[in-house]
Amino acid sequence: MSQASTELIRISGHPGTVPGAGLNREFQVCKLVDTTTCIGCKACEVACLEWNGYTFSETTFDNSYQTMPETAWNYWNLIKFNEHERADGSMMLLMRKDQCMHCEDPGCLAACPADAAIVQYANGIVDFQQANCIGCGYCMTGCPFNIPKFSPEARKVFKCTLCNDRVSVGLEPACIKACPTGCLHFGTKKEMKEMAQTRADQLRDVSGFADAGVYDPPGVSGTHVIYVLHDAKNPELYGGLPKDPHIPYSVRLWKGPLKWLGNLAMVGGLLGLAWHYMRFGPKKEEPIQPDNGNGRRP
Amino acid sequence: MTSDAVPRASAANHNEELIPRYTFGERANHWIGALSYTFALLTGLAFWSPYLYWLAAIVGGGPTARFLHPWFGLIFTVSLFWTFKEWRRDMEVDDGDRAWAKAMPYYIQNEDDKLPPVGRFNFGQKLFFWGIFCGVILLLLTGVALWYTEALPWSWRFVRYAAILIHASAALITIGLFLIHVYMSVFLEEGSFGSMVTGYVTRAWAWTFHRTWYEEIKGGSRSKQ
């Protein structure tokens, strides 16, 4: 797998083809988060900070376990807590590890105008290359999961790398390494999908969660981080996980039809003006003629 | 044959006589606007298409282009608002413009003698001005949302979605107007470009293209306000 995360399949803001794409058979990697066995211990948050060299951010208190409202440019991994009251009146503490979903069809990359500021590796990891980032924030508009975050100091955008630096040398991501309950798993997409499905079946058939299921949203062609949820019909309950995430329609319209229409209009306009000059030539001033009373020439 | 039909003896010199059309302030403002628009246009095109991203290099690279684009947009906005203050009266669309609009095909085919006489600015120029004005209002509003996009909370993301679409669409409209403006003033209408540099036009130019304005100012008094 060591070569897997050095082979690119998509490059943001890049004219022409992707160099070297499709040369090797690659594993598609995947992180599986089983929210039903997560205890909200935040070991994954600590491991993420440790490995990526960030310090703790200031926490806030809002009468819940939630330590900060959302991920930050230097805090890529955050457990979202929700005290959920079920239909029978009983309480469930829903906990979901929030981080970049590493979409198969990444909205951040589609929106990015900077050549190679965002790349997608053949193993499925979507990674930001801060050296090429221009800090425009379009990725924040393209992402359906509210993941890329702008650093005012660096004037660049940051997010979870799925520990690309670890994965590329055959290690599992830091968060996986730290999880004490085994609710985090890492492997190929196929294996993780099977494991998730097995767990969801178990929750449905044995544990009485009739709506248990796997979250691997088709709107972004699937993700390289998948969840097992007790209630897959209401993913919003898990700290606002979107039900049907997709690249925003306005981003699609902007990068698709509007771009072609605009390019056509600009090139057509230039050609039209050149044609006008050749057909009609310059407007020249005329010598002043006496007025015949109606303001026009006699 | 009446005496009126015979050009006066001094007519040749009279035609070439220079009369003021743009003040120094108007010209300085125009070129500040022109340069800031061009800067915003080139950097904007760099963000528009990967095939034009190299344009960012000529202003110092992607991050620099991203940093300067909004500032030059602001300079252009200020320049345009000053133009609005100065030219608002001249740019008012009146009944004469409606007749001129009907006769626009003659204008496009360079048969200017078939057009009704026009004042300081013709209907085309007024359309250009108001088009740019409306476009820049949209660019300004959406531009602020894109400038500080990280300040928008996630629940306000629809503002981002609208802003990227409207900013690009409004920019395309101003680009169309800009191309026509540059083509007409630099290539098509001889004497126009010089008038925005020196401030002067010949009497013949004023008579040919802006006859009502010429009649107003030929006595020496400009009835601008």
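**Sheet, helix packing and chain contact in the predicted model**

In chain A, four strands build an open sheet of mixed pairing, ordered β9-β2-β11-β10; strands are DSSP E runs of at least two residues and helices H or I runs of at least four, numbered from the N terminus, and two strands pair if DSSP finds at least two bridges between them. The structure is a predicted model, in which local features need pLDDT of at least 70 and side-chain atom pairs count only at pLDDT 80 or more, whereas totals for chains, interfaces and linings use all residues. Residues are numbered from 1 along each chain as its sequence is written, and chains are lettered from A and ligands numbered from 1 in the order in which they are written.

The edges of the sheet are formed by β9 (184–188) and β10 (213–215) of chain A, each of which pairs on one side only. On average, neighbouring strands are turned by 25° against each other, direction ignored. Strand β2 (residues 29–34) of chain A runs antiparallel to β9(A) and is joined to β9(A) by five bridges; here A:Cys30 stands opposite A:Gly187. Helix α6 (residues 189–205) of chain A lies across β2, β9, β10 and β11 (225–229) of that chain, at about 135° to β9(A). Angles run from 0 to 180 degrees between N-to-C directions, with axes fitted to C-alpha atoms, for helices over the stretch in contact.

Within helix α1 (residues 43–52) of chain A, the residues A:Cys44, A:Glu45, A:Ala47 and A:Cys48 are buried, that is, 20 or more other C-beta atoms lie within 10 Å of their own. Because they cover an arc of only 165° around the axis, they are on the same side of α1(A); the arc is that of the directions from the helix axis to the C-beta atoms. The cover over these residues includes β3 (78–85), β4 (91–98), α5 (174–178) and β9 of chain A. Just after α1(A), A:Gly53 adopts a positive phi of about 75°.

The contact between the chains takes 41 residues from chain A and 46 residues from chain B, contact requiring C-beta atoms, placed from the backbone, within 7 Å. On the side of chain A, α8(A) gives the most, with ten residues. The axes of α8 (residues 257–280) of chain A and α7 (residues 157–188) of chain B come within 11 Å and cross at roughly 10°; the two helices are therefore roughly parallel, the term for angles under 35 degrees.

How values were computed:
Angles under 35 degrees count as roughly parallel, over 145 as roughly antiparallel, 65 to 115 as roughly perpendicular and the rest as oblique. Two residues are in contact if their C-beta atoms, placed from the backbone, lie within 7 Å. A residue is buried if 20 or more other C-beta atoms lie within 10 Å of its own, exposed if 12 or fewer, and partly exposed in between; C-beta atoms are placed from the backbone.
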